[in-house]
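Here are a few friendly notes to read with the model open beside you.

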Amino acid sequence: MNRCVNIIAHLFNAPLGDSEAAIGVGTVGSSEAIMLAGLAFKRKWQNKRKAEGKPYDKPNIVTGANVQVCWEKFARYFEVELKEVRLRDGYYVMDPEKAVEMVDENTICVAAILGSTLNGEFEDVKLLNDLMVEKNKETGWDTPIHVDAASGGFIAPFIQPELEWDFRLPLVKSINVSGHKYGLVYAGIGWVVWRNKVDLPEELIFHINYLGADQPTFTLNFSKGSSQVIAQYYQLIRLGYEGYKNVMENCRDNMLVLKEGLEKTGKFNIVSKDNGVPLVAFSLKDNSSHNEFEVSEMLRRFGWIVPAYTMPPDAQHITVLRVVIREDFSRTLAERLVFDIEKVLHELETLPSRIRITAKIILADDEKAAAANKEKRDLEKTREITTVWRKFVMQRKMNGVC
């Protein structure tokens, strides 16, 4: 595990000496990694506030509304306020300027996403760092940055090595990455690395020696297998830098094939970016007759599971479909998917639109309601006539006529 941590730390440009060991740990996915990083930020902030004699009971964390649900879990489980930067039309990641505006003296860190789950886009960590450096100078705070690189951590270093998002930026204190996404390992492995020792409070680390030597441990999970760690080390050694670079470039090229194929249909708007995670997020240009959820449902008949979902606030009126390009998603599969999507669109065009169907249902319901009302009125009229007739008969009997 230590070898994997060191390799990943160097990949993220951690400022380590020649013989200095990196600070990090293997986790069960990026969710645990984020929990551990968040705990480190919270404890360090609390210690600082205690030393200054200031309140330390209302920590908060600033993120974009596009964060993965594990950030919400961290905030709820560990009693940290989650301050989210809302999205907007055409901009589906955290706006660094708005994020910095939301930072206050109780902010334990700002979380940036390198590879949004929604559209794969890399957030501008460099701009966020520069803005936070200025704000820290003005306020005297030292608010740090965490980079959630669950998807992009094994992509950016290989196909965008010039992009500054990692420990080259002074305020980036920790980074998490998923080995089971683009680290090319099966599910159940994540990593979190810290810039240096001072960024991980010592009181969070436990030391055990009953296995024959001192072993530091900092985890939330307990007994777990080592197969994923071994698989990660194997991939790092077997593929090396050039191997990972070839895989990521191939994923990007196949992503472009799929994107261009969808654009040629003339039916879709592309929501994703070319310089992020190799995925294609797209929405229908005209969803007045049929929507993205119908496309997703019909694609299942051809063996494709393409999720459709709405964006977070304030872009929830936007619905997208998303296809993630992995190592085994070939150019042939990309072309076949485009072909199947075209067939689905053709079939949908031959079907009545959901608006017309809804209108027919409403009309039928109205007709049923009208018929029921008429029947009710006729019954009430009959009862009224019967009541009048009974009264007339009773009066005649009382008068001795009948």
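1. Helix H7 has a kink of about 90°, centred on Gly 240; the bend at a residue is the angle between axes fitted to the seven residues ending there and the seven starting there. Helices here are DSSP runs of H or I with at least four residues, strands are runs of E with at least two, and both are numbered from the N terminus.

2. This is a predicted model, in which local features need pLDDT of at least 70 and side-chain atom pairs count only at pLDDT 80 or more, while totals for chains, interfaces and linings use all residues. Residues are numbered from 1 along each chain as its sequence is written, and side-chain values use heavy atoms, leaving out hydrogens and water.

3. Back to H7, residues 227–265: its end C-alpha atoms are only 44 Å apart, whereas a straight helix of 39 residues would span 57 Å (1.5 Å times one less than the number of residues). Just after H7, Gly 266 has a positive phi of about 75°.

4. Now the sheet. Seven strands form an open sheet with mixed pairing, in the order S1-S7-S6-S5-S4-S2-S3; two strands pair if DSSP finds at least two bridges between them. S1 (23–27) and S3 (81–85) are the edge strands, each with a single partner, so one side of each has no neighbour in the sheet.

5. Strand S2 (residues 60–64) pairs with S3 in the parallel sense over five bridges. Val 62 has Lys 83 in S3 as its bridge partner.
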